[in-house]
Each structure stands twice: as C-alpha cells, then as structure tokens.
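Subject: Handing over the model

Hi,

Here is the structure I promised to pass on.

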Amino acid sequence: MSPMASGRPENDPGDSGLTVGPPKEYAAGIPAVVQSLRHGGRQMGAKRTLLTLLSVNQKTGFDCPGCAWPEGDHRHAAEFCENGAKAVAEEATLRRVILAFFAEHSVAELLERSDYWLGQQGRLTHPMYLAPGARHYTPVSWEQAYDIVAGELAALDSPDEASFYTSGRTSNEAAFVYQLFVRTLGTNNLPDCSNMCHESSGVALSETIGIGKGSVSLDDLHQADLVLVVGQNPGTNHPRMLSALERTKRGGGHVVAVNPLPEAGLLRFRNPQRPSGMIGRGTALADEFAQIRLGGDLALFRALNRLLLEAEDRAPGTVVDRAFVEEHTDGFEEFAADVRATPWAEVLQATGLEREQIERIHQRVLKARKIVVCWAMGLTQHKHSVPTIREVVNFLLLRGNIGRPGVGVCPVRGHSNVQGDRTMGIYEKPADDFLDALEKEFGLPMPRHHGLDVVDTIRAMRDGRVKVFFAMGGNFVSATPDTAVTEQALRRTALTVQVSTKLNRSHLVTGRRALILPTLGCTEADLRGGGPQCVTVEDSMSSVHASRGTLAPASPELRSGTAIVCELASGCSPLAVSRQASPGEPWRRTTT
C-alpha cells in the first residue's frame, strides 16, 4: 500500500460522528478541491490520485461512476466534482478485501456493521460462496460459481422464478448481453434502478413526446434564456451541472429554482475551474427561489399554464405558439378548458407560494424565447409524478419549447449509465418491435409476457414465487423503498448472487445460498482478447461515448460485467435451448 494512503478503518463510526451545522451559502470552491484530494489521498495515495483523477471523463479516459451528467466537446483537465472524486477513490482504492477477511468475520458479525464501514474495507478480490447454513463466506472458483447458478436455475419450475436486477453502473455492452441472456432463458424479469428513480419520467415523456428521454443537449442548456431547476439539488447530487448553469447565466440567461429547501449550489457557485471561483465570491445562480410545498409542482405548472393562456387571451397570437400547437400537438382545447377551470385557491394551498411570486415567474417565462426545464427525484417520487411531468411538457409545448436549440425537457439521471441500460433493453415491459429485432438477429424466441419490476420482484420473493435473485451491481437492500420487507423477501430465496466491486449490506442478506462475484470497475483496464477492451455508456442527455479503464485490476480474479454474463450464459446454454417460451410454463429440461 502507498505510504500516503491510509488503511481500512477497524472501528465503525456509524452515525456517531454526524453533526448538524449552519446551512451553506455556496457550493464548490476551495473546500470542494480540498475534500476531493483528501478522498483520493486516503484511498489511493497522492500520485495515484493525481493520475487517476486526470483520466476521469476525458475522451481517452473512463466515465465517472458518480453521476450521468454529460461533458462538452472541450473539457477541463479536472472534469470531475467532489462526488465523482469520492466515487473514483473508493473504486480505485488500494484497500483489498482478501480471503482472510471472510474467514475472520462471520456474516452475522458483518451485518452489525454500517454500509459505510463495509464499503471502506476495499475492493473484493475473489468469488465467494455462502453454503446453506454456513456462517462464513468461503472462496470458490469462477467455474464452481457458474455451476451453482446454473444448477439453481435448472431446479426452477419456470424461468419466471428468477429475477435479474441491474444497477446504473453497468456498461452498455454488459447490459445488452445481460438482457439477452435473461430473455433466452424465457423471462422478462429485469428490474432495475430506474424503477425507483425516473420511471415516471419515462412514462410521462413517452406519452407526450414519444420517447422516455430528455430532449436537450448541453449546448441547449448554455443557450437557454430561462432554466427552471425543479425538485433537484444539483450542488449536492450533480455538482458539474452548476458549471452549465453558470454558462447559462454568463450568456444572459436566468435560472429559477423550485424546491422545498434552498440549495446552496443554486444560491452561489464558486467554480473551482475558474480563478474567480476559487478566490472570488462566485456566481449567484438562482434569480428566483420558489420554496414550494412537497408535491406542489403539478399545481405550480398548472398555474403557469393558466397564466399563459390568459395572456394569450389578452394579446392573441403573441404568447401561445399556435402554429406549433396545431402542427405538433393534439388535445389542446380539452387541455385549455381544464387549465382555465383550475381554482387559484387550490393552487396556492398546494404550492404554499404567494400568487405574487407565481406571477413573477410567469413574467420571466413571457420574456424568455428559449426555456429548459430540469428535474430529478423531487418530481419523480410522488404518486402524482406522471401527471406532474406531463404538465411540465404541456408548459413547454404551449410556446414551442420542444425540438429547437436552447429548449426542451431535461430529466437529470443519477447513476452513471442508468439511461444506457434501459436503451440496451433492461426493461420488464419490452416493446414488441425490440423483441422482434432480437428474434430476427439471434434466431431465438423471446418471451412476450411482461416481467417483474423492483417492487413486484420484492413481493414475488416474499411470496415464494421468485427463488433466484441475481444483481448486476448496486446495493439492492439499501436502495429499495422498504428495507425490512426487502430483507425478509431476499431471505426466502434459494440463491442470491451479487456482482460487485465492494462489500455492501446486500451481500449479507442472503437466500439459502449466496454468491459474491467480484467485477472490474470502470477505472480498471480490461485486458482480454489480445488487448485492452473498451465499453460505452450513455449520459443523461443521450450521448453515447467510450469508457476506457487505465489502472491495473485490483485482483487477477476480476472479470468485467460483460465477461461474467457471457461465461455464465455459456454454462446455462442447455437451459436456454430447452426451455419453454410460454409464460408460466415449466422448463423442458433434457440436460442439467
């Protein structure tokens, strides 16, 4: 280990060291630089930190595992934020979870540890197996691990008794072969982390603009006259977005922040890539902060739409883009009648805002020719998320703010490749034309019945209907909505499999048997097939680009996600050939 990198923590601080201080008045600046270097130094040492961070989000480097915010064509040498530096440091760490660790610590003992402590132990280095009734994980070969999975799958009465989860850090290539493998087995049980974050965005956008993705590029954000940042804390969760909003402001645009709590990054941003950000006061980003009540966003956009229609009534042909509405939309008259009937008393109660502030935002809208609306979990995680996002789209459609430069919808994704996974077919409700294309290309029948999403997978495991749970990355236990129910459900399965880079709680809440399969991280070089391999990812604005790891793998035992799926599929090929394609039908097993 580098003399400048610290060893893994022995004691678990848990939540004991947490303190609550006064709210921050700005984001980034010198403190962010210091914290970024501190994260790296503790995990990697000084030299490795410098060389690794300079490869983050570069055209010849690797994609940051911290988030899915895009990069422009011209990139800064330090194209990362504090969150990204922390994620990279934890993946490129010099700490290792060696075999002796599992011999020393039982599963029951590790369950008492926090997720923080587990993750800080370092990189997983060897396939590990928890036998029925065992207290400790023990090492197995990759071949033995694949045989265990194949054996449990073969013992199922139906392929629908297995569910295959995906996190947003899976590459496009791994995601594609993963969904293909699962479907050749005969199921569409492909829950993923999108089910818990932007699923409502995908549904609402598919219903309105015909595709479940955003419509903007980074240049559109730079060119916008007005950007509404709604239900999102970019300074906390997507810090590199602040640089884009700074360019919006420098280009003469304005920013309106809509959120229940003030976000320090939108109050003032000290850009560490600029001297004025390091030693000056930085840039005040939000021109207006609307401190809305939880779930009040639907009412706010309904009110803005009503004000736009009333302004059009007063000056026909000057507010609503009638030509755009007539050519590119339908249902306008019904929509307009519904909006006009919205009582102001209900709007004010739902939003908690003063009418004067809504009117001020409306005046900003009237003055802006080009508008972008950005949102994240504050809009998507409500029972009324889909109608809220539909109302956002209607707000943009009224003035033709879709499909031209400087305008559009911008759902901001969290995980680094969550959008790419969905593009590659990770979806429990696939379209028929996608399945038709797979059948034509590979000559195998694809299951047509819908599979299980995250919530239905948990219910099915709880009820004994799903007996094998396979996770391609992520921390399913800690990420899902009801931890206690999820843990109870996982413990009812016959086998749980976790493909991971680091230890987490999901490795310790297991079925009757369990496997941990260690995988390469995005920072590491994948050397096979005669040379270094390259994967691709898709960012939050639908741009696909390469990702090339540069570091030596943490262990010679590591496999890429793509290799793990392909090797497993080879071992399970008799099942894929012999299975029934009809939903609910048993396997037609001729071999095991």
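A word to start with: a residue is called buried at under 20% relative accessible area, exposed at over 50% and partly exposed in between, using a 1.4 Å probe and protein chains only. Strands (E, at least two residues) and helices (H or I, at least four) are DSSP runs, numbered from the N terminus.

With that in hand, take strand E14: 6 of its 6 residues are buried, so the rest of the structure largely encloses it. In a regular strand, side chains alternate between the two faces of the sheet. Both faces of E14 are covered, with Leu 495, Val 497 and Val 499 buried on one side and Thr 496, Gln 498 and Ser 500 buried on the other.

Before going on, some housekeeping. This is a predicted model, where local features need pLDDT of at least 70 and side-chain atom pairs count only at pLDDT 80 or more, while totals for chains, interfaces and linings use all residues. Residues are numbered from 1 along each chain as its sequence is written, and side-chain values use heavy atoms, leaving out hydrogens and water.

As for confidence, pLDDT is the predictor's own score for each residue, from 0 to 100. The protein chain has a mean pLDDT of 89, and 90% of its residues reach 70 or more. Over residues 588–592 the pLDDT is below 50, though this stretch has 10 contacts in the model beyond near neighbours in sequence (a contact being heavy atoms within 4.5 Å). Where pLDDT is low, the predicted coordinates should not be read in detail.

Now the sheet around E14. It is open and mixed, with 6 strands in the order E5-E4-E15-E14-E13-E6; two strands pair if DSSP finds at least two bridges between them. Strand E5 (138–139) and strand E6 (162–166) are at the edges with a single partner strand each, so one side of each has no neighbour in the sheet.

- E6 runs parallel to E13 (residues 468–472), joined by 5 bridges; Ser 163 has Phe 469 as its bridge partner in E13.
- E13 and E14 are parallel too, again with 5 bridges, and Val 468 is partnered by Leu 495.

Cheers
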